[in-house]
Amino acid sequence: GRLQGRKAGDAVIDNTTSVHVEVLKWFEGKERRDLNIGCGPHYAPGFLNLDVHRGDGNEPDVVVKPNATLPVPAGYLDRVYCGHVLEHVPWPELGEFLGDIRRALKPGGELMVVGPDTVRTLNEWKANTEPWFMVEAVMENDDAYMAGGESWPGARHSWNCYEARVVKALEVAGFIDVEPRSIQNEQVGDLRDWPVVAYSRWQFAVRAVNP
């Protein structure tokens with residue numbers, strides 16, 4: 001996900017009335033209102049895909065202004081997906097970010113968070129199943145998410161992300177029924193209804209519900 005940064009020169013649409021109108025129009029006639037935040041190059045069919053720039057493989061449905069509130073009315077969305085997004089949000093701003101997701105979700109609406117788990121990655125390295133550069137890639141850093149990968153403003157991991165920490169952050173933000181889900185084995189099927197890009201032992205997945 002690339003919600004937190006953009007490249008210089010990108011045309012940015014402020015999250016004003018025009019963006020709200022575009023979003024509401026996109027959802028017209030749809031049975032379910034699902035949002036994919038920070039889609040990057042991974043377009044999720046059936047979800048409204050948001051990002052802060054278009055191009056270089058990114059083809060979101062709607063381009064939004066970085067760090068602005070989600071361009072939907074309160075209590076509007078059924079589900080929100082955040083794939084590799086939270087770790088890019090500065091830790092002091094994470095509560096506000098999650099609070100805005102709660103604002104946007106209906107009561108009973110679902111949030112699914114997927115991201116890199118620093119603890120699991122360290123354990124995989126110790127077991128000789130992941131190389132050291134993966135440890136460096138997932139930890140708090142000033143570089144691109146993947147070692148040697150593309151960099152963009154906002155690419156850095158702002159804090160060390162792992163399952164237990166995200167569970168606590170979601171609970172503090174007021175979500176209920178916060179439950180880790182299996183992303184280590186695709187056959188389990190916990191995430192079959194979500195636009196998961198890849199399954200691996202160094203990731204985590206957590207589902208939460210808006211009260």
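**A close look at α2**

Author: Let's take helix α2, residues 91-104: its 14 residues reach 21 Å from the first C-alpha to the last, close to the 20 Å expected at 1.5 Å a residue. That expected span is 1.5 Å times one less than the number of residues. Helices here are DSSP runs of H or I with at least four residues, strands are E runs of at least two, and both are numbered from the N terminus.

Before going on, some housekeeping. Residues count from 1 along each chain as its sequence is written, and side-chain values use heavy atoms, with hydrogens and water left out. This is a predicted model, so local features need pLDDT of at least 70 and side-chain atom pairs pLDDT 80 or more, while totals for chains, interfaces and linings use all residues.

Back to the helix. L94, F97, L98, D100, I101 and A104 are the buried residues of α2, buried meaning under 20% relative accessible area, exposed over 50%, and partly exposed in between (1.4 Å probe, protein chains only). They sit on the same side of α2 because they cover an arc of only 155 degrees around the axis, taken from the directions from the helix axis to the C-beta atoms.

β4 is mostly covered, with seven of its seven residues buried. β4 runs parallel to β1, joined by four bridges, and C82 is the bridge partner of I37. With β5, β4 pairs in the parallel sense over six bridges, and there G83 stands opposite V114.

Now for the rings. A search of the whole structure turns up six aromatic pairs, counted when the ring centres of Phe, Tyr and Trp (its six-membered ring) lie within 6.5 Å; planes under 30 degrees apart are stacked, over 60 edge-to-face, and the rest tilted. One of them is F47 with W194, tilted at 6.4 Å centre to centre and 45 degrees between the planes. The pair ties together distant parts of the chain, 147 residues apart: F47 is in the loop between β1 and β2, W194 in the loop between β6 (176-181) and β7 (203-209). Both F47 and W194 are buried. Elsewhere, ring pairs link W26, F27 and Y76 into a cluster.

Zooming out, the protein has five helices and seven strands, in the order α-β-β-β-β-α-β-α-α-α-β-β along the sequence. Of its 211 residues, 49% are buried. Among contacts (heavy atoms within 4.5 Å) with a separation of 6 or more, 67% join residues 24 or more positions apart.

Definitions and conventions:
Two strands pair if DSSP finds at least two bridges between them.
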